[in-house]
Amino acid sequence: MNTIFRKSMLSVAGLAFAGGVFAGPIAAHANPVVDAKPAATAVAVQSAPKPQGDQSHITLNDEQSANVKAIIAATKKAGLPERAAVISIATSLQESKLENLGHLGDANDHDSLGLFQQRPSSGWGTPEQITDPEYSTTAFLKGLKQVDGWQDMPLTQAAQTVQVSAYPDAYAQWEQQATDLVAQHWNS
């Protein structure tokens, strides 16, 4: 009976992984949201789960701050709430430290580019699209919207389902800084 249970759990995990692998390419090719109304403009992120584990923090330069604002603007344009911006910013903090990375030669993870380290070969878009902060954020958000219950799940689980990272728990360390950045810039 233990073997049956373990095989069942592995099957569920495999389906979850496959769903995450395909969420990126599917999301990247979906039609953009046009004429969406911004979400309500509350100052604090409502009903956000408490950050998990030890938290990291970096001091942002002008480029990184501009990318925070671009992620928030794309989130509002998509009509999504602040929680989506928190997940997006935390993901970008982990993937690129909010820097719009081009090709890094041997230091690159395959062909990963941009704020979210999305891959053209995985269907996220062209290199030019992926290195556009609005496009890459919109592509990430489309993947996030395909995750049932993303609003209520831990940030790291929501981000991992979209990104399918080799380090799935790493997103959690950026939740507090991402929450603070959204609170600071959502209404500006």
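**Rings and a helix pair**

Modeller: Let's start with Lys-76, which lies over the face of Trp-186, 5.1 Å from the ring centre (a charge sits over a ring if NZ of Lys or CZ of Arg is within 6 Å of the ring centre and within 35 degrees of the ring normal). Bear in mind that this is a predicted model, where local features need pLDDT of at least 70, side-chain atom pairs count only at pLDDT 80 or more, and totals for chains, interfaces and linings use all residues. Residues are numbered from 1 along each chain as its sequence is written, and side-chain values use heavy atoms, with hydrogens and water left out.

Now the aromatics: the structure holds one aromatic pair (ring centres within 6.5 Å, taking the six-membered ring for Trp, among Phe, Tyr and Trp). Phe-116 and Phe-140 have ring centres 4.9 Å apart and planes at 15 degrees, so they're stacked (planes under 30 degrees apart; over 60 is edge-to-face, the rest tilted). Phe-116 sits in the loop between helix H3 (82-96) and helix H4 (127-130), and Phe-140 in helix H5, so the pair ties together parts 24 residues apart in sequence (helices are DSSP runs of H or I, at least four residues, numbered from the N terminus). Phe-116 is buried, at 0% relative accessible area, and Phe-140 is buried at 0% too (buried means under 20%, with a 1.4 Å probe and protein chains only).

Phe-140 also turns up where H5 meets H6: Phe-140, Gly-143 and Leu-144 in H5 meet Ala-158, Val-162 and Gln-163 in H6 (contact means heavy atoms within 4.5 Å).

How values were computed: Helices (H or I, at least four residues) and strands (E, at least two) are DSSP runs, numbered from the N terminus. Buried means under 20% relative accessible area, exposed over 50%, partly exposed in between (1.4 Å probe, protein chains only).
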